[in-house]
Amino acid sequence: LDSTFASLMPVILPAQATFGAGATWTVTQPAHPVVAALPGQWSDPTWYSYVKPVSNATVLVSGPTNLPLVTVRPFGAGKVVHLNHTLTYDDYGVGGEAVRLIVNAATFAGGLPPYDSTNADVLVLGDGRSESDAIDALLGAGLKVSFGGRYDAWDGLFPVAGNHSAILLLDGYKYGLGLQATAEKALTNFVASGGGLVVSEW
């Protein structure tokens, strides 16, 4: 990183950078808004970097050997959040916990009210490629959109299916991966209760 930008960060990457994949994520500061509505622990197969927190940073979620996975720090009048997660770099998809972290981190850093998807129109469950065009089309039509990550990584809990009028499930680019049991149950209950489901297929 450029030294000026690096000075903003709540973590530093040692000169001999090393990386890992697959970890148990453990919340260490459960009262912090960045980890609101997250379980105390969850597993995530994605990649991460072996970083170290700077002196005035707070580690909110840790991994192996107390590795910082979610870290925050103040900077001037602002706040910086570091998510030690490769997101879409690999083929694992973005799970419900990572989606929740992204939303929580953005609202916390920006001083925004906590996220509430109530009254959103469409929940999009992506396939790793098609979601950008779909979301652009929905937004262009004036609809409110929530994104739940890739369909096979959605846990059915966040975003809440019942807070939407319709769900768009894209099963194209990364196809045939199946749904988690909790997601299947959430979709079944959603449609049975009057919700609309649109499914694309390769």
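The following exercises, each with a worked solution, concern a predicted model of a protein chain.

**Exercise 1. Confidence**

Task: Determine in which elements of the chain confidence is lowest and highest.

Solution: 
- Step 1. Turn to the elements: helix 1 (residues 3-6) has the lowest confidence, at a mean of 79, and strand 5 (residues 58-62) has the highest, at 97.

**Exercise 2. Helix 2**

Solution: 
- Step 1. Locate the helix: helix 2 covers residues 96-109, 14 residues in all. From first C-alpha to last, helix 2 reaches 20 Å, close to the 20 Å expected at 1.5 Å a residue.
- Step 2. Apply the cut-off for burial, which is under 20% relative accessible area. Among the buried residues are Gly96, Val99, Leu101 and Phe108.
- Step 3. Look past the end of the helix: Gly111 follows helix 2 and has a positive phi, near 65°.

**Exercise 3. Leu125 and Val191**

Task: Decide whether Leu125 and Val191 are buried, partly exposed or exposed.

Solution: 
- Step 1. Place the residues: Leu125 belongs to strand 8 (residues 122-126), while Val191 belongs to helix 4 (residues 181-192).
- Step 2. Classify Leu125: its relative accessibility is 0%, and therefore Leu125 counts as buried.
- Step 3. Examine the surroundings of Leu125: among the residues it touches are Gly148, Tyr151, Trp154 and Ile167. Leu125 and Ile167 are 42 residues apart in sequence, yet their C-alpha atoms are 7.5 Å apart in space.
- Step 4. Classify Val191: because its relative accessible area is 37%, Val191 is partly exposed. Together with Leu197 and Val199, Val191 forms a nonpolar patch on the surface, with about 230 Å² of accessible area.

**Exercise 4. The salt bridge**

Task: State which residue forms a salt bridge with Asp152, and whether the two are buried or exposed.

Solution: 
- Step 1. Recall that side chains of opposite charge can pair when their charged atoms come close.
- Step 2. Find the pair: the structure holds one salt bridge, and Asp152 forms it with Arg150. Their closest N and O atoms are 2.7 Å apart, and the cut-off is 4 Å.
- Step 3. Check accessibility: both Asp152 and Arg150 are buried.

Conventions. Residues numbered from 1 in each chain as written. Predicted model: local features only at pLDDT ≥ 70, side-chain atom pairs only at ≥ 80, totals over all residues. Heavy atoms only, no water. Patch = residues over 30% accessible without salt bridge, like charges linked within 9 Å, V, L, I, M, F, W, Y side chains within 5 Å. Areas by Shrake-Rupley, 256 points an atom, 1.4 Å probe, with all protein chains shown as cover. Salt bridge = Lys/Arg side-chain N within 4 Å of Asp/Glu carboxyl O. Helix = DSSP H or I, 4+ residues; strand = E, 2+ residues; numbered from the N terminus. Buried < 20%, exposed > 50% of the residue type's maximum accessible area, 1.4 Å probe, protein only. Contact = heavy atoms within 4.5 Å. pLDDT = per-residue confidence, 0-100. Expected span 1.5 Å × (residues − 1). Lists of a residue's contacts leave out its neighbours within four places in sequence.
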